[in-house]
Amino acid sequence: MLTQADSKLSVIIAEQEAVFVRRQPASARLAALAREHLAGGVTSSWQITQPQPVWLSHGAGSKVYDADGNEYVDLHGGYGAALAGHAHPAIVRAVREQAGRGTHFAQPTPDAIAVAAELARRFGLPRWRFANSGTEATMDAVHLMRSYTGRDLIIKVEGCYHGHHDSVQVSVMPSADEAGPASRPASVPSSSGIPAAITDLTLVAGFNDLGRVARLLDAYPGQIAGMIIEPIMMNAGIIPPLPGYLAGLRDLLHARGALLTFDEVKTGLTVGPGGVTALSGVTPDLVCLAKSLGGGVAVAAIGGTAEVMEHVASGGYEMVGTFNGNPLAMAAARAMLCEVVTEAAYEHIEDLRARAVAGISRAIADYGLSAHVVTAGAKGCVVFSPDPVHDYRGFLAADDSLSHAHWLFQHNGGVFLPPWGKIEQWLISVQHGEADIDRLVANFRTFADAIHSLQIFTGKTLP
Ligand SMILES: Cc1ncc(COP(=O)(O)O)c(C=O)c1O
């Protein structure tokens with residue numbers, strides 16, 4: 001049964017969705033046209049936003065412009081790929097120059113050496129290979145863990161997303177009904193089309209639950225190849241690891257001859273120059289990168305220890321792909337690493353991060369909202385729960401309608417946050433400025449003003 005507050009929130013959402021649709025007639029026309037030959041009218045199922053897909057015209061600096069000419073501060077960042085912002089001069093120059101010299105040879109070009117060396121310096125892992133998407137990087141990491149150890153089972157964390165290949169499409173977003181007990185989460189298929197025989201090879205543990213990993217290693221001696229994890233969870237808002245968790249995982253796994261992979265596809269360059277790997281001081285056996293690495297061009301990387309990557313070098317595992325390390329991607333990644341994500345850029349992002357946290361936290365306090373802000377470098381989000389969240393089960397309990405309402409208020413106010421409510425985070429790029437953050441904060445205040453009186457949400461009611 002709907003409470004009064006639920007139905008008030010539904011009315012607010014309906015009003016905001018009406019504003020959204022009114023502002024975007026060209027997007028509506030394109031969406032209708034697209035349905036003729038594009039399945040679902042989009043190029044990836046995650047572009048089907050509510051109330052309708054937003055069709056973009058172009059991006060420049062910290063802004064994107066929709067097909068209707070509306071301007072947005074872009075904090076969607078292409079699901080975390082636009083750390084350089086849009087049309088960054090260094091990326092444009094690198095891509096333009098390489099395009100004029102040929103975009104694909106399937107033979108290595110010197111930029112690959114420079115990119116691998118810079119990644120080795122930042123992440124403390126000596127050997128690298130390249131791919132084209134985060135999915136490919138984590139697929140290779142899982143294959144490599146299995147091939148290197150000669151074992152079939154892997155462990156993944158409930159609520160972590162690692163791309164859309166079979167082995168990791170397990171317990172990404174299970175419902176409370178199917179997830180099983182917290183101490184023994186079930187392996188729940190996250191997509192249709194995945195054979196049960198493959199799902200069964202992926203064992204699931206809660207984030208921050210070292211005990212479960214220890215018990216799995218005991219229950220399957222000599223059978224677990226390794227574990228893949230987002231070292232800061234970023235497909236469930238933002239959930240940081242508790243002190244000692246990442247080091248504890250590494251030690252437990254290594255004691256049993258199993259490997260540890262950090263999926264830093266999202267966290268990679270965004271939380272700091274060397275990802276969570278450098279921040280935490282815990283160096284895993286393998287690291288996966290993608291998203292921001294190419295400054296907006298598709299590229300992924302897999303880094304590893306000398307021992308594990310020797311298995312690739314010697315042909316024990318063939319890591320292959322027609323477009324792997326293509327010259328266009330390597331030129332863009334080189335410019336990104338050497339010219340865009342500099343020390344000064346990280347200082348600038350840190351100033352903006354602090355400004356966003358201060359402004360939104362002030363609004364939360366002023367309006368007495370049961371919410372808090374979580375950030376990690378360039379990434380951040382508002383969690384609509386009063387308490388810190390430590391795992392997927394805590395995340396599941398937070399209210400999604402409020403996140404959707406917040407997204408709509410931001411969008412209608414000229415800030416493009418990533419859609420999908422409470423799952424995603426903002427991304428501050430090197431090209432954002434104070435005025436961009438101030439627009440985010442101002443919109444948050446408008447949202448807070450509209451919803452603060454809902455009893456389900458507020459800790460206290462304003463006089
Ligand atoms: C942590 C993580 N790993 C892997 C992926 C898959 O990357 P891609 O969409 O480039 O295949 C994603 C995508 O969102 C991700 O967030």
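Predicted model: local features only at pLDDT ≥ 70, side-chain atom pairs only at ≥ 80, totals over all residues.
The domain assignment divides the chain into two parts. Domain 1 is made of the segments 4–44, 54–87 and 342–429, whereas domain 2 covers 89–340. The C-alpha centres of domain 1 and domain 2 are 25 Å apart. In the contact between them, 27 residues come from domain 1 and 31 residues from domain 2. On the side of domain 1 that touches domain 2, at least two residues each are supplied by helix H3 (77–80), helix H13 (343–367), strand E11 (372–376), strand E12 (379–383) and helix H14 (392–397). The most is given by H14, with four residues. By residue class, this side of domain 1 contains 18 nonpolar, five polar and four charged residues.

Helix H1 consists of 20 residues, 4–23. The distance from the first C-alpha of H1 to its last is 29 Å, close to the 28 Å expected at 1.5 Å a residue. Leu-9, Ile-13, Gln-16 and Phe-20 are the buried residues of H1. These buried residues line one face of the helix, because they fall within an arc of 70° when H1 is seen down its axis. Gln-4, Ser-7, Val-11, Ala-14 and Arg-22, on the other side of H1, are exposed. The cover over the buried residues of H1 includes helix H15 (400–412) and helix H16 (434–451).

Helix H12 comprises the 14 residues 327–340. A span of 20 Å should follow at 1.5 Å a residue, and the end C-alpha atoms of H12 are 18 Å apart, which agrees. H12 is mostly covered, with 12 of its 14 residues buried. The buried residues of H12 are Pro-327, Leu-328, Ala-329, Met-330, Ala-331, Ala-332, Ala-333, Arg-334, Ala-335, Met-336, Leu-337 and Val-340. They pack against helix H4 (89–99), helix H5 (111–123) and H13. H13 is also one of the elements that supply at least two residues to the side of domain 1 that touches domain 2.

Val-320 is located in the loop between helix H11 (306–313) and H12. With 9 other C-beta atoms within 10 Å, Val-320 is exposed.

Several backbone features occur in loops. Gln-50 and Pro-51 are joined by a cis peptide bond, for which omega is about 10°. Pro-51 lies in the loop between helix H2 (25–34) and strand E1 (56–60).

Ala-87 has a phi near 50°, a positive value in a residue other than glycine. This residue is placed in the loop between H3 and H4. Ala-87 has 13 other C-beta atoms within 10 Å, so it is partly exposed. Phi of Ser-171 is likewise positive, near 50°, and Ser-171 is not a glycine. Ser-171 belongs to the loop between strand E5 (153–157) and helix H7 (196–199). Since 20 or more such neighbours make a residue buried, Ser-171 counts as buried with its 27 C-beta neighbours inside 10 Å.

How values were computed. Residues numbered from 1 in each chain as written. Domains from an automatic or database assignment. Contact = placed C-beta atoms within 7 Å. Nonpolar A, V, L, I, M, F, W, Y, C, P; charged D, E, K, R; others polar. Expected span 1.5 Å × (residues − 1). Arc of directions from axis to C-beta.
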